[in-house]
Amino acid sequence: MNDQPRRRPAKPHRRPKKDPVRFLAFEALRAVDERDAYANLVLPPLLKKARAKGDFDGRDAALATELVYGTLRRQGTYDAIVAACIDRPLREVDPPVLDVLNMGVHQLLGTRIPTHAAVSASVELARVVLGEGRAKFVNAVLRKVTAHDLDGWVEKVAPPYDEDAEDHLAVVHSHPRWIVSALWDALGGGRAGIEDLLEADNERPEVTLVARPGRSTTEELVKALGEDNSLPGRWSPYAVRMAEGGEPGALEAVRESRAGVQDEGSQLVAAALAAVPVEGRDSRWLDGCAGPGGKAALLAALAAERGATLLAAENQPHRARLVERALAGNPGPYQVITADGTRPPWLPGTFDRILMDVPCSGLGALRRRPESRWRRRAEDLEAFAPLQRGLLREALKAVRVGGVVGYATCSPHLAETRVVVEDVLKGRGGEPVEAEWIDARPLLPGVPALGEGPDVQLWPHLHGTDAMYLALLRRTG
């Protein structure tokens, strides 16, 4: 008689099942982390490839998009939650593991996906991309996360507002602390305003189209989209908002560059510059930092209506090619060149209107590029400062006496906006320039909450736009 215990038969090896939606979302997140790519550039070709293979339908694409952007927007909050569920410093968790975890946390706390489905799908993804051992770790962490909803976790991991207001807001609204501080300084006011702004940064922005004057109309765009999938612009007479998403590139007007995708804030900046009254000649316009070409295309269309010529200059050759593409087919005279606005090839006093939409931190577009909030550092602004001042100073030299310069940034940070303009006008770091402020507010008709002027700061929570800044200056001598 054999007294040996009977062995249980080994479980058959099960190959993990690849979920194409979550696998694609993971691929996009890894590209963002490993290659410093931007999700809005990485995701579309991945979705296009998946559709071509027959793996995806519209609902799959929508879920993949939500997983990527939701995870990136709430990364700071989710990092804090994961850190509370593990027994090691967060920095010791390998980035691919953290991507799977954060995407799982987003499904549990930020979507309506059932708890069991969110955990099991995340663990299965971990088996595919990380291996069985790490999948067990993912499973253990996510099961701890299920103990609370998002509000419950935030109450546990965020410091009390009364003890550290900025750190509280940073964790609750998933922004680095230094960005919370900078935005609060620029916005002013109390708690309600900054919370509204930070929350707006975490909302999915609408897709807004621009009908370029003389080339397309808002009526044409509404007809192409259908009334059920279109809304009028809030402020820009050239804007149409896409109500239910969709693919802008499918529109004939967009394919032909007669229309384009452009936030209303950018449309307002170009339109305001074009609306400033100037005496005498008004035939030579310059976009001195033209890439990727959205504002240049609108300016070119507005210039063509008046018989003016636009010169679009861009320092980076690949961005200059994007400008050429955006301007293709413009009926009016224009020229695109590769040139450095701090060492310009044009003579002083050449132009009547100049737009300088300078390189900046991009803190005004965190809705569209949520990953940039985790890449930027406060010290990055120091690198932009000399370039921004140099571009504005040269623009004021390049415009004729009586002509107008528009200084614009997609950032509300005071160090990139009003401080730059004041430094240049007062000659800090260079020769003083004889110029005066123009009140920009009347040139944005119907737009509320524009502050005390003379410059203008737009806000996502107040205007539904990117946080664009505009200062208008007239050369006086």
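Guide: A residue is buried under 20% relative accessible area, exposed over 50% and partly exposed in between (1.4 Å probe, protein chains only). Ser-257 has 12% relative accessibility, so Ser-257 counts as buried. The structure is a predicted model, in which local features need pLDDT of at least 70, side-chain atom pairs count only at pLDDT 80 or more, and totals for chains, interfaces and linings use all residues. Residues are numbered from 1 along each chain as its sequence is written, and side-chain values use heavy atoms, leaving out hydrogens and water.

Visitor: Where is the place of Ser-257?

Guide: Helices (H or I, at least four residues) and strands (E, at least two) are DSSP runs, numbered from the N terminus. Ser-257 sits in the loop between α13 (252-255) and β4 (259-261).

Visitor: What is phi of Ser-257 near?

Guide: Most residues other than glycine have a negative phi. Ser-257 is not a glycine, yet its phi is positive, near 65 degrees. Ala-449 also has a positive phi, near 55 degrees. This alanine lies in the loop between β10 and β11 and counts as partly exposed because its relative accessibility is 48%.

Visitor: Which residues does a cis peptide bond join?

Guide: Most peptide bonds are trans. Here the bond between Gly-291 and Pro-292 is cis, with omega about 0 degrees. Pro-292 belongs to the loop between β5 (284-287) and α15. Another cis bond runs from Gly-453 to Pro-454, with omega near 0 degrees, and Pro-454 is in the loop between β10 (435-438) and β11 (456-457).

Visitor: At what angle do helix α5 and helix α7 cross?

Guide: Axes are lines fitted to C-alpha atoms, for helices over the stretch in contact, and angles run from 0 to 180 degrees between N-to-C directions. The axes of α5 (residues 95-109) and α7 (residues 132-145) come within 10 Å and cross at roughly 30 degrees. Angles under 35 degrees count as roughly parallel, over 145 as roughly antiparallel, 65 to 115 as roughly perpendicular and the rest as oblique. Therefore α5 and α7 are roughly parallel to each other.

Visitor: Which residues in α5 and α7 meet?

Guide: Contact means heavy atoms within 4.5 Å. Among the residues in α5 are Val-97, Leu-101 and Gly-104, and among those in α7 are Arg-134, Phe-137 and Val-141. By class, this contact of α5 with α7 has 11 nonpolar, one polar and one charged residues. Ala, Val, Leu, Ile, Met, Phe, Trp, Tyr, Cys and Pro count as nonpolar, Asp, Glu, Lys and Arg as charged, and the others, Gly among them, as polar.

Visitor: Is Lys-295 buried or exposed?

Guide: Lys-295 is buried because its relative accessible area is 13%. Its place is in helix α15 (residues 294-305). A polar contact is a pair of N or O atoms within 3.5 Å; within protein, one must be able to donate a hydrogen and the other to accept it, and residues adjacent in sequence count only if both atoms are side-chain atoms. The side chain of Lys-295 makes such a contact with that of Asp-357 at 2.5 Å and with that of Ser-266 at 3.5 Å.

Visitor: What does the side chain of Thr-71 reach?

Guide: The side chain of Thr-71 reaches the backbone oxygen of Leu-67 at 2.5 Å. Thr-71 lies in helix α3 (residues 58-73) and counts as buried because its relative accessibility is 3%. Setting aside neighbours within four places in sequence, its contacts include Leu-29, Tyr-78 and His-106.
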